[in-house]
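Hi,

Here's the structure I said I'd pass along. Have a look at it first, then read my notes below.

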Amino acid sequence: MRVLAIIPARYASTRFPAKPLAMLGRKCIIEWVWSVAKSQFDDVIVATDDERIAKVVENFGGEAMMTSSEHRCGTERCAEVARRVGDGYDIILNIQGDEPFILKEQLCEVVAQFSNPDIDIATLATPIPPAESHDIFDPNCVKVTLSDSGRALYFSRSPIPYIRGVEREEWASHHTYYRHLGIYAFRREVLQQITQLTPTPLEMAESLEQLRWLQRGYTIGVGPTSSHSIGIDTPEDLERAEEFLKNQ
């Protein structure tokens, strides 16, 4: 399977403007992500709507493509790039531009889901350890439930499943909860299809675009990973990432 890896990166983040260009150690965040992707795939494109990001990417040797500023999410930005240059590829991999510590093994695990011809979309999930059981109740931590074959049944900001008759403090010891990691891969034709879909009630209720795909009948394979990457949404997250980097 030929894979095109796309890293959507926009400048005007509400919580952290210019985030892709923020320095983490000796490299900016977007270069960290690009370096991991490039270590695994020949074809990696940073999709952006800002010339400043494109210039930085080109300066460190990457390929950048200017895309529309009207896109509502990274999925739509990836779809534009795939329409323009993706005809020769089987799989389009969407790697978030704010995940500097994503592992190449995780990228491989996502792509490996497509060995099953019934899978339309692939992503990752990791067990929430008991020591982090507070994340089960954190709406910013998206949970996913899985079928026996590893397909996504549902994603939610709420704790799923609800464990009846057990105190909340004990839920983590009665069930393995899974944290969703927001990296996606799509069959090329599926990516174009899903970006034409209108929002669904489930998506609007939870503000999770993957629920639109599930509700419309697409199959999402969920690969296992033991690593929980550190995503950077705020300047405070960047400080935590700096501390993590120093301890490596």
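This is a predicted model: local features need pLDDT of at least 70, side-chain atom pairs count only at pLDDT 80 or more; totals for chains, interfaces and linings use all residues.

**Pockets**

I'd begin with the largest pocket, which has a volume of about 2000 Å³. Its lining is made up of 50 residues, and the ones nearest the centre are R15, Q96, D98, G182 and D233. By class, that lining splits into 19 charged, 18 polar and 13 nonpolar residues. Which element gives the largest share of the lining? That's strand 10, with six residues. Strand 1, helix 3, helix 8 and helix 9 are also in there, each supplying at least two residues, as strand 10 does. If you want to find them on screen, strand 1 covers 3-9 and strand 10 covers 178-187, while helix 3 is 74-85, helix 8 is 209-215 and helix 9 is 235-246.

The second largest pocket holds about 180 Å³ of space. Its lining has no charged residues: seven are nonpolar and five polar. The residues that line this pocket are V36, P100, F101, I102, L103, Q106, S227, H228, S229, I230, F244 and Q248. Keep Q106 in mind, as that residue comes up again under helix 4, and S227 and H228 return as contacts of T126.

**Helix 4 and what covers it**

Helix 4 runs over residues 104-112, and Q106, L107, V110 and V111 are its buried residues. Those four sit on the same side of the helix, because the arc they cover around the axis is only 140°. The general point behind this is that an α-helix has 3.6 residues a turn, so residues three or four places apart point the same way. As for what covers these buried residues, the list includes strand 1, helix 1 (29-40), strand 6 (91-94), strand 7 and strand 10.

**Strands 7 and 11**

Strand 7 (residues 121-127) and strand 11 run parallel, joined by five bridges. Strand 11 takes in residues 220-224, and four of its five residues are buried, so the strand is mostly covered.

T126 is in strand 7. Is T126 buried or exposed? Its relative accessible area is 2%, so T126 is buried. Leaving out residues up to four places away in sequence, T126 touches Y177, Y178, R179, L181, T225, S226, S227 and H228. For a sense of distance, T126 and I232 are 18 Å apart in space, C-alpha to C-alpha, and 106 residues apart in sequence.

**A buried aspartate**

D50 is in the loop between strand 4 (44-48) and helix 2 (51-59). With a relative accessibility of 11%, D50 counts as buried. Its contacts, again not counting residues up to four places away in sequence, are Y11 and M66.

Most residues other than glycine have a negative phi, and most peptide bonds are trans. Here are some exceptions to look at:

- The peptide bond from I160 to P161 is cis, with omega near 0°. P161 is in the loop between strand 9 (152-156) and helix 5 (171-174).
- A18 is not a glycine but has a positive phi of about 65°. A18 is in the loop between strand 1 and strand 2 (23-24), and at 17% relative accessibility this residue counts as buried.
- S207 is not a glycine either, and its phi is positive at about 55°. This serine is in the loop between helix 7 (201-206) and helix 8. Its relative accessibility is 55%, so S207 counts as exposed.

Cheers

Notes
Residues are numbered from 1 along each chain as its sequence is written. Side-chain values use heavy atoms; hydrogens and water are left out. Buried means under 20% relative accessible area, exposed over 50%, partly exposed in between (1.4 Å probe, protein chains only). Two strands pair if DSSP finds at least two bridges between them. Contact means heavy atoms within 4.5 Å. The arc is that of the directions from the helix axis to the C-beta atoms. On a 1 Å grid over the protein atoms alone, a cavity is a set of points where a 1.4 Å probe fits but cannot get out, and a pocket is an open set with protein on both sides within 12 Å along at least five of seven lines; lining residues have an atom within 4 Å of a point. Grid points are joined across faces, edges and corners, and a volume is the space filled by probe spheres set on the points. Ala, Val, Leu, Ile, Met, Phe, Trp, Tyr, Cys and Pro count as nonpolar, Asp, Glu, Lys and Arg as charged, and the others, Gly among them, as polar.
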